[in-house]
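These are my notebook entries on a single protein model. I record what I looked up and what I found.

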Amino acid sequence: MDRPVTDAWIGESLLYVLRERLGLAGAKDGCSQGECGACSVQVDGRLVASCLVPAATTAGSEVRTVEGLAAEGTPSDVQRALVANGAVQCGFCVPGLAMTVHDLLEGNHAPSELETRQALCGNLCRCSGYRGVLNAVREVVTSRAESADAAAQSAADAEAAAADAEARAAGGTAPEQAAGGYPQDAYPGPSYEAQPHAGQPYDEQAHGPGGHGNGHGDYGNGTGHVPAQASHDGPRIPHQPGPPG
Ligand code: FES
Ligand code: FES
């Protein structure tokens with residue numbers, strides 16, 4: 001958003017112009033000499049102490065203040081995490097801290113605790129200390145990583161579904177069929193070719209070459225017993241004479 005400033009004195013600081021001429025009071029004037037970080041803003045994507053920057057040098061630049069972190073009135077994830085982790089007491093340092101954390105995470109999506117501490121070393125907080133800020137940074141990093149993973153997974157699913165639909169539309173077959181059929185492993189058990197009756201006439205399949213019995217036209221073997229057979233078409237059982245009388 002363009003905010004023209006026409007009546008500023010050449011020596012006014014960016015912090016002064018933001019607060020006094022544009023009414024953007026988010027950046028705070030803690031020391032006016034670059035020591036506390038409460039006035040931190042981004043100029044063309046670089047974090048600066050606005051109390052040290054002559055406003056005239058930023059003409060035509062994009063200046064982002066803490067007011068620009070919220071999207072449609074909703075605080076950013078960093079701002080919410082700072083509140084949730086107890087990093088806010090009097091709140092005077094928090095706009096500068098929020099800008100610093102945003103700037104850090106724009107350049108480093110997963111900073112170590114040491115890197116986070118180094119990034120925060122120019123921001124002074126006299127109330128709550130820094131543990132809450134460190135926890136907030138870790139929470140935001142984790143949350144953003146989970147969101148990125150979920151987005152990547154849903155994009156991959158959508159891509160696979162689109163490829164599947166395209167293959168069906170092109171060939172009328174599913175991709176796995178077009179690639180050579182369904183894998184045998186998907187159907188455990190003996191394959192069709194292994195079936196013992198494959199290729200034989202129906203009669204032989206159903207009864208074997210000797211019928212139900214032993215090939216002698218009856219169901220017994222003369223002993224009064226019907227021996228167990230491994231299968232209908234197993235080896236023939238020789239005729240055994242029955243007991244006399
Ligand atoms: S007011 Fe700018 S660093 Fe303190
Ligand atoms: S919350 Fe008061 S100075 Fe940081």
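Which residues does Ala110 touch, not counting residues up to four places away in sequence? I found Glu115 and Val141 in contact with Ala110, where contact means heavy atoms within 4.5 Å.

**Entry: basis of the values.** I note that this is a predicted model, in which local features need pLDDT of at least 70, side-chain atom pairs count only at pLDDT 80 or more, and totals for chains, interfaces and linings use all residues. Residues are numbered from 1 along each chain as its sequence is written, chains are lettered from A and ligands numbered from 1 in the order in which they are written, and side-chain values use heavy atoms, with hydrogens and water left out.

**Entry: Ala110, continued.** I placed Ala110 in the loop between α3 and α4 (113–120). Helices (H or I, at least four residues) and strands (E, at least two) are DSSP runs, numbered from the N terminus. Ala110 and Val141 are separated by 31 residues in sequence, yet their C-alpha atoms are 6.0 Å apart in space. Ala110 is exposed, at a relative accessible area of 56%. For this term I use the cut-offs of under 20% relative accessible area for buried, over 50% for exposed, and partly exposed in between (1.4 Å probe, protein chains only).

**Entry: overall layout.** I counted seven helices and three strands in the protein chain. Along the sequence they follow the pattern α-β-β-β-α-α-α-α-α-α. The protein chain has 245 residues, of which 25% count as buried. Of its contacts with a separation of 6 or more, 50% come from residues 24 or more positions apart.

**Entry: nonpolar cores.** I took a nonpolar core to be a set of buried Ala, Val, Leu, Ile, Met, Phe, Trp, Tyr and Cys residues joined through side-chain atoms within 4.5 Å. The largest has 22 residues, and Val78, Leu82, Val101, Leu105, Leu120 and Val133 touch the most other members. Two or more residues come from each of α2 (77–84), α3 (94–107) and α5 (131–171). With seven residues, α3 gives the most to this core. Another core, of 10 residues, lies apart from it and includes Leu24, Val41, Cys51 and Val53.

I then looked up Leu82. Leaving out residues up to four places away in sequence, Leu82 touches Ala87, Val88, Val94, Ala98, Val133 and Ala136.

**Entry: α2 against α3.** I find these helices packed at an angle of about 125°, with their axes 9 Å apart. Axes are lines fitted to C-alpha atoms, for helices over the stretch in contact, and angles run from 0 to 180 degrees between N-to-C directions. The two helices are therefore oblique to each other; angles under 35 degrees count as roughly parallel, over 145 as roughly antiparallel, 65 to 115 as roughly perpendicular and the rest as oblique. The contact involves Asp77, Val78, Gln79 and Leu82 of α2 with Val94, Ala98, Val101, His102 and Leu105 of α3.

Not counting residues up to four places away in sequence, Gln79 touches Val66, Leu69, Ala70 and Ala98.

**Entry: α3 against α5.** The axes of α3 and α5 come within 11 Å and cross at roughly 40°. That makes α3 oblique to α5. I list Leu97, Val101, His102 and Leu105 on α3, and Val133, Val137, Val140, Val141 and Arg144 on α5, as the residues making the contact.

**Entry: α1 and Glu12.** The buried residues of α1 are Leu14, Leu15, Val17 and Leu18. Their cover includes β1 (40–43) and β3 (63–64). Glu12 is found in the segment before α1 (14–21) and is buried, with a relative accessible area of 8%. I find a polar contact of 2.4 Å between the side chains of Glu12 and Arg21; such a contact is a pair of N or O atoms within 3.5 Å, and within protein one must be able to donate a hydrogen and the other to accept it, while residues adjacent in sequence count only if both atoms are side-chain atoms. Neighbours within four places in sequence aside, Glu12 is in contact with Val17, Arg21, Val53, Pro54 and Ala55.

**Entry: positive phi.** Glu72 is not a glycine, yet has a positive phi of about 50°. Glu72 is found in the loop between β3 and α2 and counts as exposed at 84% relative accessibility.
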